[in-house]
Amino acid sequence: MTRSIVIVGAGMGGLTASLRLAQRGFRVLVIEARSQPGGLASAIEIDGFTFDAGPYILLDRNGLEWAFRSLGLELSKLVSLRRIEDIYQVASEDGATVRFYSDLERTAAGFESQWPGSGRRYIEFVTGCKKKYDRLQRLLYNSPSGPLDLLRGRAWTSIPFLLSSLGGVLSRTGLPAAVIDAIGVWTHVAGQRVEDAPSVMSFVPALFHSIGAYYPVGGIGVIPQALASAAQAAGVEFRYDTRIARIRCDGGRVSGVETDRGELFAADAVVSNCNGVGTYLNLVESTPQHVRREITKLPLQSPGVIAYLAVNTAHRPPYLRFKLPGGGAFCRVLVTPSVMAPDLQRDGWWPARLIAPMTHSVAEPGGASGQREYLDQMLAEPWWRESITDYRILAVRTPREWGAEFNLYRDSMNPVMTARFMRAGRLAHRSPYVPGLYLAGSATHPGQWVSFCAVSGVLAADRVCEDLN
């Protein structure tokens, strides 16, 4: 008899899980609250322009290729990727500007010209991080990655590194403060400080100097569209515009799902690509009380605020322009896809996104008015308009609007991936509390990147196969 699996959510993890399970002979139904796949990785069309809908700003090709290969797909044949040569710059309030290229030597030379001796130290830092990444990267593709995995392939030599934070790693580099701040800007995007961020975030420059940073032609939204098409071809059934009210359990085990319309769908297992914390707290009534208490303590990540813009000036590189306002405030970033795709121009206008992270602990109590005030503050800042003579604000989103549009738990993306949370093992793909429940998504993997979500779906599906085949 063919086993039935219901997947809650057609985000990146839900899509890869659905395809993996269909390829293994399961009957798979994906139930998605929105009208299209992709979740925060989907696209949005506004006034004739196509934007990346979510706060994602950079693509990790390595993990994405692993997920596609695991599904028998070739990423380069389904998605056209352009390597970004001039990746990003970070401008500080004190006037310092730090710029990163895909070319390591060029980047180091720029540092050396401002801070003699820093070029060599940066190359040593990147080289060392790449060696650590090569030893540890296979842990990204295991579920779970336990202590025994560290004994293989000399990964155990990286234990002191894994026990450190990103702040601890960067403090030992001897690099200028401006360069350290620029490397650590990715923690701002995740809504956390370098002191709390996991050490593995130091791999980011090592990856874009070696594997590279890429722009997907058509935007990030083309990736979930490709996966959804492959899943449909494999026999996966999709039901859109349908919300899950709860995951049903009978006899202590998952038995299916119930929609907000009262529809019941029986299942031998459920894979939730919904927010991991929200799954346990809102969708599963049988979650043990001690688990609820512990999960409630996890700090949540806000999607921040965003403005979708049309600008009348074609941007020059770099692709990403960060601004550090100073005073401990989080960064802002202007994303200019026209740098990689000049054909995005419409009647003399180009699309751009202006994004500012916002911690959940500030966003939630601030409510709609506080979030809008933060957005207006970002828009009023002059730095992003310096090379623009005219612009139009086509649409905006605050955390509350993100939550309503994308059905987010407490208007959050998932738990903040702190060093402590990563070392604790994150949320397991196979629930240790609710038999028959499996989780996919960034709460189960060490990051919020599109690739990590895709990998998580493959790993969650593999746990289902182990248990039901």
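Predicted model: local features only at pLDDT ≥ 70, side-chain atom pairs only at ≥ 80, totals over all residues.
Which residues touch the most other members of the largest nonpolar core? Residues are numbered from 1 along each chain as its sequence is written, and side-chain values use heavy atoms, with hydrogens and water left out.

**Figure 1. The largest nonpolar core comprises 148 residues.** Leu21, Tyr88, Tyr122, Trp186, Val271, Leu320 and Phe322 touch the most other members of this core. Helix α17 (residues 450–468) supplies its largest share, 12 residues. Apart from this core lies another, of 18 residues, including Leu354, Ala356, Met378 and Trp383. A nonpolar core is a set of buried Ala, Val, Leu, Ile, Met, Phe, Trp, Tyr and Cys residues joined through side-chain atoms within 4.5 Å. Buried denotes under 20% relative accessible area, exposed over 50%, and partly exposed the range in between (1.4 Å probe, protein chains only). Helices (H or I, at least four residues) and strands (E, at least two) are DSSP runs, numbered from the N terminus.

Figure 2. Alanine 182 belongs to helix α8 (residues 177–183) and is buried, its relative accessible area being 0%. A C-alpha separation of 9.7 Å is found between alanine 182 and lysine 323, which are 141 residues apart along the chain.

**Figure 3. Strand β16 (residues 305–311) between its partners β19 and β20.** Of the 7 residues of β16, 7 are buried, so the strand is largely enclosed by the rest of the structure. In a regular strand the side chains alternate between the two faces of the sheet. Both faces of β16 are covered, with Val305, Ala307, Leu309 and Val311 buried on one side and Ile306, Tyr308 and Ala310 on the other. Strands pair if DSSP finds at least two bridges between them. β16 runs antiparallel to β19 (residues 350–356), to which 7 bridges join it, and pairs in the antiparallel sense with β20 (residues 391–397) over 6 bridges. Alanine 310 has proline 351 as its bridge partner in β19 and arginine 392 as its bridge partner in β20.

**Figure 4. Helix α12 (residues 276–283) and its N-terminal cap.** Because 7 of its 8 residues are buried, α12 is largely enclosed by the rest of the structure. The buried residues of α12 pack against β11 (244–250), β14 (269–272), α13 (289–296), β15 (300–301), β21 (414–415) and β22 (437–439). At the N-terminal end, asparagine 275 caps α12, with a side-chain oxygen 2.9 Å from the backbone nitrogen of valine 277.

**Figure 5. Helix α2 (residues 61–70) and its two ends.** The buried residues of α2 are Arg61, Asn62, Gly63, Leu64, Trp66, Ala67 and Phe68. Aspartate 60 caps the N-terminal end, where a side-chain oxygen lies 3.3 Å from the backbone nitrogen of asparagine 62. Glycine 72, with a positive phi near 75 degrees, follows α2.

How values were computed:
Polar contact = N/O pair within 3.5 Å; in protein donor to acceptor, adjacent residues only side chain to side chain. Contact = heavy atoms within 4.5 Å.
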